[in-house]
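Dear colleague,

Please find below the structure that I am handing over to you, together with its sequence. My findings follow directly after it.

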Amino acid sequence: MAAMLRLEPALMLAAIRHGDRGAVVRVLSADHGLVAAYVWGAQGRGLRPVLQPGNVLALDLAPRANGRMPVATPHLISANMAMLHG
């Protein structure tokens, strides 16, 4: 199994609800391009504001077996939502 990968900084593009609590997120990183990952608990109070489009994040990606989507743990670097709306 491969080691955990750290993406920093990564621009949050979209979060798509998946199941009761999780979400599939898409981020854009300078080193790795467009990356999709699953975030456990993404619909909870703690992560909902972090996973807003336009925010800059650091992501810890844990790869999974058989080419499945990696699991990500997001960390907010800066909230840029106000900049997008002027």
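I begin with the charged side chains: Arg6, Glu8 and Asp60 are linked in a network of salt bridges. Please bear in mind that this is a predicted model. A search of the whole structure finds two salt bridges. In one of them, the side chains of Asp60 and Arg6 meet with an N to O distance of 2.7 Å. Asp60 belongs to strand β4 and Arg6 to strand β1, so this pair ties together parts that are 54 residues apart in sequence. In the other, Glu8 meets Arg6 through their side chains at 3.3 Å, N to O.

Asp60 counts as buried because its relative accessibility is 16%, and the limit for buried is under 20%. Arg6 has a relative accessible area of 42% and is therefore partly exposed. Glu8, with 46%, is partly exposed as well.

I turn next to the nonpolar residues. In soluble globular proteins, nonpolar side chains tend to be buried together. The largest nonpolar core in this model has 16 residues, and Val27, Leu51 and Leu57 are those with the most contacts inside it. Strands β1 (5-18), β2 (22-29), β3 (33-39) and β4 (56-62) are the elements that give two or more residues to this core.

Which residues does Val27 touch, not counting those up to four places away in sequence? They are Leu7, Ala10, Leu11, Met12, Leu13, Gly33, Leu34, Val35, Leu57 and Leu59.

Some nonpolar side chains are found on the surface instead. Leu11, Leu13, Leu28 and Leu34 form a nonpolar patch there, with about 330 Å² of accessible area together. Among them, Leu28 lies in strand β2. Leu28 has 41% relative accessibility and so counts as partly exposed.

Finally, a word on His18, which has its place in strand β1. Is His18 buried or partly exposed? Its relative accessibility is 45%, so His18 counts as partly exposed. Leaving aside neighbours within four places in sequence, His18 is in contact with Ala23, Val24, Tyr38 and Gln43. His18 and Ser29 are 11 residues apart along the chain, and their C-alpha atoms are separated by 22 Å.

With kind regards

Definitions and conventions:
Residues are numbered from 1 along each chain as its sequence is written. This is a predicted model: local features need pLDDT of at least 70, side-chain atom pairs count only at pLDDT 80 or more; totals for chains, interfaces and linings use all residues. Side-chain values use heavy atoms; hydrogens and water are left out. A nonpolar core is a set of buried Ala, Val, Leu, Ile, Met, Phe, Trp, Tyr and Cys residues joined through side-chain atoms within 4.5 Å. Buried means under 20% relative accessible area, exposed over 50%, partly exposed in between (1.4 Å probe, protein chains only). Helices (H or I, at least four residues) and strands (E, at least two) are DSSP runs, numbered from the N terminus. Contact means heavy atoms within 4.5 Å. Patches are made of residues with over 30% relative accessible area and no salt bridge: like charges are joined within 9 Å, nonpolar side chains (Val, Leu, Ile, Met, Phe, Trp, Tyr) within 5 Å. Accessible areas come from the Shrake-Rupley method with a 1.4 Å probe; for residues, only the protein chains shown count as cover. A salt bridge is a side-chain nitrogen of Lys or Arg within 4 Å of a carboxyl oxygen of Asp or Glu.
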